[in-house]
Amino acid sequence: MESLYLSGEFSRSLVNPPIYSAIALLSFFAIIFGIIFKDKLEYQVALWQQNREGQGQIRYRTPGIILSYALCNLFAFGFVAACLHVFGLSLALAALVGGILVFSTAGLIWWRLGSLLELLAVGGSQAIELDFLDAEAAVEGE
């Protein structure tokens, strides 16, 4: 079955094809929930900094953070799948490839986030400052 986008049905009208509207909306919501996730994570880090002695680690597994991260990844998955569908992949294949790309990356980021926040709790912000490490390596190399 030939796609409406490939046959040129929408090219003759001034109406935006539905898939392009979906791509715009999905990317908008992925970005919005990504910003919400970042803000919630920064809030937890700020709470931890105020009470370092009483709180040994940064609490990033709160329901709000998990929900915002999951929604960000869900909308990113929809965005990637819709974009792949525009390029001619079937919807099932686009969803499969998009799911593998987005959810495997999201899982890896979530897993490494725990290690990163652990480094922050143990060594402070200097432990994760990449510019500081590059400058220190340059000084040692001289």
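**Exercise 1. Compare the span of helix α2 with the span expected for its number of residues.**

Solution. Helix α2 contains 33 residues, and its first and last C-alpha atoms lie 48 Å apart, close to the 48 Å expected at 1.5 Å a residue. The expected span is 1.5 Å times one less than the number of residues. Helices are DSSP runs of H or I with at least four residues, strands are runs of E with at least two, and both are numbered from the N terminus.

The model is a predicted one, in which local features need pLDDT of at least 70 and side-chain atom pairs count only at pLDDT 80 or more, while totals for chains, interfaces and linings use all residues. Residues are numbered from 1 along each chain as its sequence is written, and side-chain values use heavy atoms, with hydrogens and water left out.

**Exercise 2. Place α2 in the chain, and identify its buried residues.**

Step 1. The protein chain has 5 helices and 0 strands, and its pattern along the sequence is α-α-α-α-α.

Step 2. Buried means under 20% relative accessible area, exposed over 50%, and partly exposed in between, with a 1.4 Å probe and protein chains only. Of the 142 residues in the protein chain, 24% are buried.

Step 3. In α2, the buried residues are Ile 19, Ile 23, Leu 26, Ala 30, Phe 33, Phe 37, Leu 41, Gln 44, Val 45 and Trp 48.

**Exercise 3. Describe how α3 and α4 pack: at what angle, and with what axis separation?**

Step 1. Helix α3 covers residues 63-86 and helix α4 residues 91-123; they pack at an angle of about 145 degrees, with their axes 8 Å apart. Axes are lines fitted to C-alpha atoms, for helices over the stretch in contact, and angles run from 0 to 180 degrees between N-to-C directions.

Step 2. The crossing of α3 past α4 is right-handed. A crossing is right-handed if the near helix is turned clockwise from the far one by less than a right angle, and left-handed if anticlockwise.

Step 3. Contact means heavy atoms within 4.5 Å. Residues of α3 that meet α4 include Ile 65, Tyr 69, Asn 73, Phe 77 and Leu 84, and those on the α4 side include Leu 91, Val 102, Phe 103, Ala 106 and Trp 110. The residues of this contact divide into 18 nonpolar, 4 polar and no charged. Here Ala, Val, Leu, Ile, Met, Phe, Trp, Tyr, Cys and Pro count as nonpolar, Asp, Glu, Lys and Arg as charged, and the others, Gly among them, as polar.

**Exercise 4. Find the buried residues of α3 and state what they pack against.**

Step 1. The buried residues of α3 are Ile 65, Ser 68, Tyr 69, Cys 72, Asn 73, Gly 78, Ala 81 and Ala 82. They pack against α2 (18-50) and α4.

Step 2. Ser 68 has a relative accessible area of 3% and is therefore buried. Setting aside neighbours within four places in sequence, Ser 68 is in contact with Phe 33, Ile 36, Phe 37 and Lys 40. A polar atom of the Ser 68 side chain lies 3.0 Å from the backbone oxygen of Ile 65.

Step 3. Asn 73 counts as buried because its relative accessibility is 11%. Beyond neighbours within four places in sequence, Asn 73 is in contact with Val 102, Phe 103 and Ala 106. A polar atom of the Asn 73 side chain lies 2.9 Å from the backbone oxygen of Tyr 69.

**Exercise 5. Is Leu 74 buried or partly exposed?**

Step 1. Leu 74 lies in helix α3. Its relative accessible area is 45%, so Leu 74 is partly exposed.

Step 2. The C-alpha atoms of Leu 74 and Val 102 are 8.4 Å apart, although the two residues are separated by 28 residues along the chain.

Notes: A polar contact is a pair of N or O atoms within 3.5 Å; within protein, one must be able to donate a hydrogen and the other to accept it, and residues adjacent in sequence count only if both atoms are side-chain atoms.
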